[in-house]
Amino acid sequence: MNENIRAKEVRVVDADNNQLGVLPLREALRIADERRMDLVEVAPQAKPPVCRIMDYGKFRYEQSKREKEAKKKQRIITVKEIKLRPNIEDHDFDVKVKNVIRFLKDGDKVKATIMFRGRQIVHPDLGKQLLERLAVQVADIANVERTPKLEGKNMIMILAPKQQPQE
């Protein structure tokens with residue numbers, strides 16, 4: 001039973017969505033009490049306010065079940081990072097590519113970082129070529145979300161998994 005209803009008359013809807021019409025508040029409360037249910041205000045801004053006769057405890061329980069079910073279906077996307085150097089060997093690069101593919105198939109985004117040391121920073125084109133080579137190798141399962149960009153002594157590119165069609 002909602003004690004916050006201020007109007008003298010309310011439009012009442014029962015548990016089966018049948019309109020009971022505009023009734024005095026006391027009459028609506030009496031009907032709800034007879035049915036051993038609660039009178040819940042569902043549209044306070046309406047003129048007159050709309051109230052529904054329902055089992056509020058059951059409503060709250062079903063609402064929490066729906067929220068839990070929706071939470072189960074959510075996918076939290078994390079950003080995994082792989083770090084490379086501009087003068088990486090081919091085999092080491094292939095291992096990094098395999099890890100990137102695994103991360104993308106798990107549905108995570110990948111932040112590929114090339115770390116420049118010392119005088120390597122004067123050749124950012126080498127790092128850009130390496131990141132573009134990585135993007136080409138994973139092009140069938142990933143989109144480049146952020147193109148290679150030099151930030152301080154690091155060059156960063158972000159890859160996002162391609163959306164699979166929903167079944």
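Threonine 113 touches Glu81, Ile82, Lys83, Leu84, Asn154, Met155 and Ile156, leaving aside residues up to four places away in sequence, where contact means heavy atoms within 4.5 Å. This is a predicted model, in which local features need pLDDT of at least 70 and side-chain atom pairs count only at pLDDT 80 or more, while totals for chains, interfaces and linings use all residues. Residues are numbered from 1 along each chain as its sequence is written, and side-chain values use heavy atoms, with hydrogens and water left out.

**Threonine 113**

- Threonine 113 belongs to strand 6 (residues 109–115); helices (H or I, at least four residues) and strands (E, at least two) are DSSP runs, numbered from the N terminus.
- With a relative accessibility of 2%, threonine 113 counts as buried, given that buried means under 20% relative accessible area, exposed over 50%, and partly exposed in between (1.4 Å probe, protein chains only).
- The side chains of threonine 113 and glutamate 81 are joined by a polar contact of 2.8 Å, a term for a pair of N or O atoms within 3.5 Å in which, within protein, one must be able to donate a hydrogen and the other to accept it, and for which residues adjacent in sequence count only if both atoms are side-chain atoms.
- Isoleucine 156 is 43 residues from threonine 113 in sequence, yet the two are 4.6 Å apart in space, C-alpha to C-alpha.

**Whole chain**

- The chain has four helices and eight strands, which follow the pattern β-β-α-β-β-α-β-α-β-α-β-β when read along the sequence.
- The radius of gyration of the chain is 30 Å, well over the 15 Å that the globule rule gives for 167 residues, so the chain is more spread out than a compact globule; the radius is taken over C-alpha atoms, and the rule is 2.2 Å times the number of residues to the power 0.38.
- Along the principal axes, the C-alpha atoms fill a box of roughly 85 × 30 × 20 Å.
- Of the 167 residues, 29% count as buried, and residues 24 or more positions apart account for 52% of the contacts with a separation of 6 or more.

**Loop between strands 3 and 4**

- Proline 44 sits in the loop between strand 3 (38–43) and strand 4 (50–54) and is partly exposed, with a relative accessible area of 49%.
- Proline 44 and histidine 123 are 79 residues apart in sequence and 66 Å apart in space, C-alpha to C-alpha.
- Proline 48 lies in the loop between strand 3 and strand 4, and a cis peptide bond with omega of about -10° joins lysine 47 to proline 48.

**Positive phi values**

- Asparagine 17, in the loop between strand 1 (9–13) and strand 2 (19–24), has a phi near 65°, a positive value in a residue other than glycine, and is exposed at a relative accessible area of 51%.
- Arginine 36, in the loop between helix 1 (25–34) and strand 3, has a positive phi of about 55° although it is not a glycine, and is exposed at 78% relative accessible area.

**Second largest pocket**

- Residues lining the second largest pocket include Asn17, Met37, Arg52 and Phe59, and strand 4 and helix 2 (56–73) each supply at least two residues of that lining.

Notes: 1 Å grid on protein atoms, 1.4 Å probe; cavity = no way out; pocket = protein on both sides within 12 Å on 5 of 7 lines; lining within 4 Å.
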